[in-house]
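Here are my notes on the helix packing, written for someone meeting such a model for the first time. Please read them with the structure open beside you.

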Amino acid sequence: MRTGTIPRVLGTAAALAALLTTALAAPAVAERSTTPGRAPVQAAAPANFTHPGVLVSRPQLDFVRGRVQAGAQPWKGAYDQMIGSKYASLTRTAKPRAVVECGSYSNPNNGCTDEREDAIAAYTLSLAWYITQDSRYAQKAIQIMDAWSAVIKDHTNSNAPLQTGWAGSSWPRAAEIIKYTYSSWPGSGRFGTMLRNVYLPEVTNGSHSNGNWELSMTEAAIGIAVFLEDRAAYDKAVGKFRGRVPAYIYVTADGSLPKVAPGSGLDTRAKVINYWQGQSTFMDGLSQETCRDLTHTGYGLSAISHIAETSRIQGQDLYPEIADRLRHAMGLHAKHQLGTPVPSSLCGGSLKDNLGPVTEVGFNALANRLGYAMTNTQTLTERQRPAGSNNLFVAWETLTHANNPA
């Protein structure tokens with residue numbers, strides 16, 4: 001698998017050296033992995049997959065359709081926002097290419113924006129189809145998906161794993177809705193072959209870059225596994241999730257240092273602190289990227305919510321396993337984004353950027369379904385409605401998940 005060039009990421013040689021040191025010295029930090037290095041993967045895949053079942057289910061879609069048709073808020077406003085966006089255009093022309101080349105900081109950007117936005121457009125159009133039952137939207141979504149599945153062969157350059165994760169998160173959402181709610185999609189098999197051969201190999205083995213990378217890659221992997229009904233790929237994705245989430249969000253029960261993901265090579269306190277952006281004081285809800293900026297943190301929290309939501313639809317709800325971490329993380333970052341002063345012990349007293357339109361899915365699951373009190377997250381979520389798209393892999397979550405009981 002290709003690796004990125006994000007600072008603080010251990011290279012292959014360094015990782016191997018760190019693992020050798022671990023074997024010889026067995027330092028305490030190395031023993032804090034979230035799962036034993038050679039533990040068998042715990043079965044997670046359902047006996048029978050639910051379709052559509054990536055991020056949104058048919059009952060959820062039915063709820064949304066009913067709310068929009070009734071003109072109820074915030075769903076009608078969210079729908080109007082979506083249908084008025086460039087992603088819902090019936091005149092959109094897909095821009096597929098055989099090789100999408102994405103370097104660090106989008107340099108070079110050869111097809112990267114085109115691929116991500118075409119994938120979001122396919123998902124947007126599939127939602128528009130279901131809500132309106134206007135077949136023109138379904139046909140346009142199919143046209144975009146067929147255009148890409150006929151052409152793409154590879155992703156290259158340093159950001160290839162992340163790019164594949166972002167686009168690969170949106171494609172299965174669209175494909176699930178169209179395949180299982182529209183009358184005919186002759187090219188669905190070829191689209192599945194594209195996901196299996198081009199996307200899954202790039203994301204399935206994860207990444208030891210900043211945590212949002214592996215989380216987005218795992219989101220793509222689990223969505224692809226659902227569409228392909230690939231139980232082994234699904235189980236592997238859930239295994240990655242269970243190893244990464246405790247290594248991305250800290251809670252005080254973890255002890256004096258955050259946990260580390262299996263195979264990370266983070267075997268000393270200094271390495272862990274460096275990986276956590278130099279932060280040496282840990283508090284409930286702190287993320288591995290908080291001191292980098294809130295935007296990248298938002299990517300990670302969003303992917304965590306999306307993966308858990310898909311698992312819930314598929315019959316094995318992962319939310320209870322990560323609820324305490326996710327609610328603390330959403331609450332901590334929402335509180336400071338809303339204006340609570342940042343203490344000097346947190347990132348030197350300053351946080352950059354904002355989370356983006358990423359709180360609806362997790363908030364609905366944790367507050368509305370599981371009953372956690374999340375005042376700050378609720379305030380931020382409601383203030384940001386209707387949540388739009390981050391133009392990467394998040395789109396229209398006020399529409400799909402706001403107060404959605406299904």
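**Notes on helix packing**

1. Helices α7 and α8 are roughly antiparallel to each other, because an angle over 145 degrees counts as such, just as one under 35 degrees counts as roughly parallel. This is a predicted model, in which local features need pLDDT of at least 70 and side-chain atom pairs count only at pLDDT 80 or more, while totals for chains, interfaces and linings use all residues. Residues are numbered from 1 along each chain as its sequence is written, and side-chain values use heavy atoms, with hydrogens and water left out.

2. Helix α7 (residues 188-203) packs against helix α8 (residues 211-228) at an angle of about 150°, and their axes are 10 Å apart. Among the residues that meet are F191, L195 and Y199 in α7 and A220, I224 and F227 in α8, where contact means heavy atoms within 4.5 Å.

3. Helix α4 (residues 112-132) and helix α6 (residues 160-181) have axes that come within 8 Å and cross at roughly 25°, and these two helices are therefore roughly parallel to each other. The contact includes I120, Y123 and L127 of α4, together with W166, W171 and I177 of α6.

4. Helix α6 is mostly covered, since 20 of its 22 residues are buried, a term that means under 20% relative accessible area (1.4 Å probe, protein chains only). At 1.5 Å a residue, the 22 residues of α6 should span 32 Å, and its end C-alpha atoms are 32 Å apart, which agrees; the expected span is 1.5 Å times one less than the number of residues.

Note on methods. Axes fitted to C-alpha atoms, helices over the stretch in contact; angles between N-to-C directions. Helix = DSSP H or I, 4+ residues; strand = E, 2+ residues; numbered from the N terminus. Parallel < 35°, antiparallel > 145°, perpendicular 65-115°, else oblique. Buried < 20%, exposed > 50% of the residue type's maximum accessible area, 1.4 Å probe, protein only.
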